[in-house]
Amino acid sequence: MTHEITIDGVRQVFHVAGEGPMCLVHSGGPGIDWRYLRLPALEEHLTMVYLEPIGTGSSGRLDDPRDYRIDTYARFLHGVVEHLGAPAVFLLGHSHGGFVVQRYALDHPGRVAGAILYSTSPITGEEFWGDAMAHIAAFPQRLPHRPEAAAIPEAFQRALVAQDDQAYTTSLREILPAYFADFWTHERDLDPLRAALTAWIDPMRGEEPAPFDVREELRSLAVPTLIVSGVHDFFGGTRWARLAHEIIPGSRLAVLDESGHMGHLEQPGEFTRAVAEFASQWR
């Protein structure tokens, strides 16, 4: 079911499906359509609330693209939590959405029953992006039996300089294989997702005051936390997930050995089981 509320004069759209404890889902990008992160298997265990992040889909746009910052997304997330009225909710944040969930859990720990940090990191900055670019450059060598892999590094550079929604969407469709351990193994199943993938460029123009770095704050995070990471994630493999696991007290780490950045599509059974078991422990 689709819902719409207004936060700070801006339309926020979200979708509700499933049954059980409430889990708000914040997709990544920033600027990518939420539907790639639809999780029907988890809807059998949790009431999933999928946000359409502002700047995407049917949600509203900000007047100044520079305002698409992590704290802005966290404020809109809080608006949805307040609207739903649940005393505490689970949060699942994928990639950039994981930054938003970390920020929210640190600012509003009493409203969070549990945080699922999926394919994300407690930091960005020069080392984080250098690691990602090194993995992209090495992508063809990791899959030498896939001739199509040779085109990924150049396509990734085009994605970085996209200037409008169409160019950004086209580039993301081109580089989608980089987000998987081996996209071509699942190509027949993933082609519809690739064809439907849509993205908006303005959220990429947000201006953060500094690179994201919540390592010190996370050392005192008193929220049950599950960290999910794929071994072949081009954002450093499991490096940043393991860093978060070391820092966050009592956190649990689920490693998906045959996945990249999209473990919910590559190893859906393992992903669902890890999240469902975590939620059942803390409900």
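**Exercise 1.** How many cavities of 30 Å³ or more does the count come to?

*Solution.* Before counting, note that this is a predicted model, where local features need pLDDT of at least 70, side-chain atom pairs count only at pLDDT 80 or more, and totals for chains, interfaces and linings use all residues. Residues are numbered from 1 along each chain as its sequence is written, and side-chain values use heavy atoms, with hydrogens and water left out.

Step 1: Take the rule. On a 1 Å grid over the protein atoms alone, a cavity is a set of points where a 1.4 Å probe fits but cannot get out, while a pocket is an open set with protein on both sides within 12 Å along at least five of seven lines; lining residues have an atom within 4 Å of a point. Grid points are joined across faces, edges and corners, and a volume is the space filled by probe spheres set on the points.

Step 2: Count. The answer is one cavity of 30 Å³ or more.

Step 3: The largest cavity holds about 70 Å³ of space, and its lining is made up of I32, Y36, L172, L176, Y179, L193, L197 and M262.

**Exercise 2.** What is the volume of the largest pocket, and which residues lie nearest its centre?

*Solution.* Step 1: The volume is about 950 Å³.

Step 1: Of the 46 lining residues, G29, P30, H96, F99 and W129 lie nearest the centre of the largest pocket.

Step 2: Sort the lining by class: 26 nonpolar, 13 polar and seven charged residues. Here Ala, Val, Leu, Ile, Met, Phe, Trp, Tyr, Cys and Pro count as nonpolar, Asp, Glu, Lys and Arg as charged, and the others, Gly among them, as polar.

Step 3: Now zoom in on G29 and P30. They are joined by a cis peptide bond, with omega about 0°. P30 sits in the loop between β3 (22–26) and β4 (47–52). Helices (H or I, at least four residues) and strands (E, at least two) are DSSP runs, numbered from the N terminus.

**Exercise 3.** Is S119 buried or exposed, and what does S119 touch?

*Solution.* Step 1: Find S119 in the loop between β6 (112–118) and α3 (125–137).

Step 1: S119 has a relative accessible area of 5%, so it is buried. Buried means under 20% relative accessible area, exposed over 50%, partly exposed in between (1.4 Å probe, protein chains only).

Step 2: Leaving out residues up to four places away in sequence, S119 touches H94, S95, V228, D233, G260 and H261; contact means heavy atoms within 4.5 Å. The S119 side chain also reaches the backbone oxygen of H261 at 3.2 Å.

Step 3: Check the backbone angle. Phi of S119 is near 50°, a positive value in a residue other than glycine. Most residues other than glycine have a negative phi.

Step 4: Turn to S95, in the loop between β5 (89–94) and α2. Phi of S95 is near 55°, also positive, and S95 counts as buried because its relative accessibility is 12%.

Terms used: Polar contact = N/O pair within 3.5 Å; in protein donor to acceptor, adjacent residues only side chain to side chain.
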